[in-house]
Amino acid sequence: MKSIYKSASLLLCALLMLLLGGCTQNNGYIGDLFGIWRLDRLTCDGTPQVLYPGSEGVEDEYGGIPELYTFSFQGSIIGVFAIYPHHDFTEDYGSFEHAGDILYLDFDHTDNDGGYMYTPPAALHLPSSLIPMNIETLTSSEMHIWYVSDEGIRYDYYLNKAF
């Protein structure tokens with residue numbers, strides 16, 4: 001009986017060590033950027049944009065009415081997700097580099113299927129080419145980034161950490 005208890009205890013300890021020793025971040029620690037960020041507000045030259053047009057009934061280019069946009073950062077990959085009712089979503093990927101007060105986003109990628117997974121939703125006004133985003137605020141729970149488009153329009157993104 002004692003040997004069964006000892007074996008079970010050792011097995012439990014080994015499983016616990018495996019679970020606690022697992023890696024949760026690809027390519028190491030990337031600081032406060034790591035995780036999933038909820039886009040709460042987007043302004044265009046200071047004017048708030050309608051991100052979640054559910055009450056207006058306006059559909060986006062995918063034929064749906066988004067309930068939420070999120071940005072996810074891990075390693076050097078950014079994922080932009082549009083979440084719709086009934087667990088539907090779209091996912092678009094790019095790469096990023098964080099250098100000082102600049103966050104470089106690049107959605108100019110393709111694969112064998114074309115570039116459909118690398119084009120963020122039009123409502124977000126993110127170009128596919130490399131774009132330097134100015135970091136106004138970056139803490140473990142809030143992010144405010146902005147850029148000026150080629151047309152001279154300033155876009156400000158206000159995000160809060162979801163996970």
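Me: I've read that helices (H or I, at least four residues) and strands (E, at least two) are DSSP runs, numbered from the N terminus. So which strand is the place of Thr 70?

Reply: Look at β3, residues 68–74, and you'll find Thr 70 there. One heads-up: this is a predicted model, where local features need pLDDT of at least 70 and side-chain atom pairs count only at pLDDT 80 or more, while totals for chains, interfaces and linings use all residues. Residues are numbered from 1 along each chain as its sequence is written, and side-chain values use heavy atoms, leaving out hydrogens and water.

Me: How many helices and strands are there in the protein chain?

Reply: The protein chain has one helix and nine strands. Going along the sequence, the pattern reads α-β-β-β-β-β-β-β-β-β.

Me: Is Thr 70 buried or exposed?

Reply: Buried means under 20% relative accessible area, exposed means over 50%, and partly exposed is in between (1.4 Å probe, protein chains only). Thr 70 has 7% relative accessibility, so it counts as buried. Across the 163 residues of the protein chain, 33% count as buried.

Me: Which residues does Thr 70 touch?

Reply: Contact means heavy atoms within 4.5 Å. Skip residues up to four places away in sequence, and Thr 70 touches Ile 36, Trp 37, Arg 38, Gly 79, Val 80, Phe 81 and Ile 83. For the protein chain, take the contacts between residues at least 6 apart in sequence: 49% of them join residues at least 24 apart.

Me: What about Asp 106: where does it lie, and which residues is it in contact with?

Reply: Asp 106 lies in strand β6, residues 102–106. Leaving out neighbours within four places in sequence, Asp 106 is in contact with Gly 94, Ser 95, Ser 128, Ser 129 and Leu 130.

Me: Which side chain of opposite charge is nearest to Asp 106?

Reply: Lys and Arg count as positive, Asp and Glu as negative; His and the chain ends aren't counted. A salt bridge puts a side-chain nitrogen of Lys or Arg within 4 Å of a carboxyl oxygen of Asp or Glu. Asp 106 is buried yet has no salt bridge, and the nearest side chain of opposite charge, Arg 154, is 21 Å away.

Me: Where is the place of His 86?

Reply: His 86 is in the loop between β4 (77–83) and β5 (89–99). With a relative accessible area of 74%, His 86 is exposed.
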